[in-house]
Amino acid sequence: MRYVFCFFIIIYIFFLHSSRAFADNGIILKSQRDLLASKGLTFDLHAIEDYVSVYKGGLKDKDTWLGRFDFVGELDLEKAGLLKGGLLHLDILNAHGGLKPTADNLVGDLQTVSDIEATRSTRIYEGWYSQSFFDHKFSVKFGLIDLNSEFLVSDSGNLFINSSLNIMPSLFINNNSDAIYPEPVPAVRLKYSPNENFDFLAGFFQGDPLNNDVNAHSTHFGNGEGLLSIEEGQYHYKLPVAGGLAGTLKGGFWYNSNDVPAVSEDNYGAYAMIDQRVFQVNGTQGLNVFFFGGGAPVDRNIVQDSYAGGLNYTGLMPFRPKDVMGVAFTNSDISHKFHGRTGQSSSETVFEWTYQIQITDKIHIQPDIQYVQRPNGASSTKNASVFMLRADIHF
């Protein structure tokens, strides 16, 4: 439990220091940021810290700490008086913490319990340039891009901490986590938005991101082998009821020309997802539901299909109007073609409960409970009960 006490001491010291510093300098800092923003330059310091405790089952009963720190800067070239529709983005990432990875050492799961888990490193996370045309109806982005920042995004699912509720396992597991956190790759993304209801996206990503030993800082751009392409269509709508309950339908497919040579020369898959508000008190409070699923060929993939769903409610308690509570599940079915080779069988299912507490607009604390059935799809590993506590801070 030593990590728990250290975690709370760090958070307490931060709150104490921040309250004093902001009281003295908050107005000055805000005026300086506003001045820079008016010239097109913005920046953000963002920290996420996770305390993780496996208190029953899994590989071992133990606790650890995972962390992520981002420095993000953007330059709007139009506001800077340089080029209309141009935007430069740079994100420097530091991944840190204790025992890594939890999947190999604590839980033994296929779908990692924390979406910030990564090998300790300081790297360029994302660095890209975006240019829009024709009154923002068309845009092109190129550079180091996280595929999951544009594709397979569920706004409701992003509340949850388990990685499979943020990026579909039928893509990230079957492609060895190519092109997503923490190792985006050189890519080009095209986007066409003919009106407010439709978006069409196409992305072309380097198929081989190299491993962390070779590319620890994201400055080595690989050997150029393979191409991971993904196309997605999005439909944004409002139900014809009082207040107009907003929803989004998404569907897409992906193709990777650089699969494991001993298994297949290429790989592919498809997916669909829906986000829907089903009840609202006002524009910011209410109940959202989501569901998504995807599949890939059984003869060349560990995960033949995966699906997830859940709901979250903003403002469940009247005296906490901005807090969000959510419950969700995610499931990955193991391909029967790989049972004999990997020792895996059946499927892995995770249930998650979470509650995001808003301390201020820039500080959230989030207790989280996950129950992992058949970690890694192996009946030999005990079901794992995991408690997590997340601090999410924007400076």
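In the protein chain, residues 24 or more positions apart account for 62% of the contacts with a separation of 6 or more. Contact here means heavy atoms within 4.5 Å. The model is predicted: local features need pLDDT of at least 70, side-chain atom pairs count only at pLDDT 80 or more, and totals for chains, interfaces and linings use all residues. Residues are numbered from 1 along each chain as its sequence is written, and side-chain values use heavy atoms, with hydrogens and water left out.

Now the overall make-up. The protein chain has 4 helices and 16 strands. Both are DSSP runs numbered from the N terminus, with at least four residues for helices (H or I) and at least two for strands (E). Of the 395 residues in the protein chain, 51% are buried. Buried means under 20% relative accessible area, exposed means over 50%, and partly exposed lies in between (1.4 Å probe, protein chains only). The accessible surface of the protein chain is about 18,600 Å². Carbon and sulfur atoms hold 62% of that surface. Accessible areas come from the Shrake-Rupley method with a 1.4 Å probe; for residues, only the protein chains shown count as cover.

Follow the strands next. Two strands pair if DSSP finds at least two bridges between them. Strand β1 covers residues 41-58, strand β2 covers residues 62-76, and they pair antiparallel over 14 bridges. A hairpin of 3 residues joins β1 to β2. Look at T42: E74 in β2 stands opposite. β2 also runs antiparallel to strand β3 (residues 86-97), joined by 11 bridges. Here F69 faces N94 in β3.

The pairing continues. β3 and strand β4 (residues 121-133) run antiparallel, with 10 bridges between them. L90 stands opposite G127 in β4. G127 also has a bridge partner in β5, namely L144. Strand β5 (residues 138-145) and β4 are antiparallel and share 7 bridges.

Stop at D91, in strand β3. Is D91 buried or exposed? D91 is buried, because its relative accessible area is 5%. Which residues does D91 touch, leaving aside neighbours within four places in sequence? They are R68, D70, F71, V72, R123, I124, Y125 and E126. G73 lies 18 residues from D91 along the chain, yet their C-alpha atoms are separated by 6.6 Å.

Move on to S332, in strand β13 (residues 324-334). S332 counts as buried because its relative accessible area is 0%. Its side chain makes a polar contact of 3.0 Å with the side chain of Q111. A polar contact is a pair of N or O atoms within 3.5 Å; within protein, one must be able to donate a hydrogen and the other to accept it, and residues adjacent in sequence count only if both atoms are side-chain atoms. Not counting residues up to four places away in sequence, S332 touches L110, Q111, P169, V303, D305, S306, S347 and E348.

F198 is found in strand β7 (residues 198-206). F198 is partly exposed, since its relative accessible area is 33%. A nonpolar surface patch is formed by Y192, F198, F200, Y235, L249, I274, F291 and Y307. Together they have about 690 Å² of accessible area. Patches are made of residues with over 30% relative accessible area and no salt bridge; like charges are joined within 9 Å, and nonpolar side chains (Val, Leu, Ile, Met, Phe, Trp, Tyr) within 5 Å. A salt bridge is a side-chain nitrogen of Lys or Arg within 4 Å of a carboxyl oxygen of Asp or Glu.
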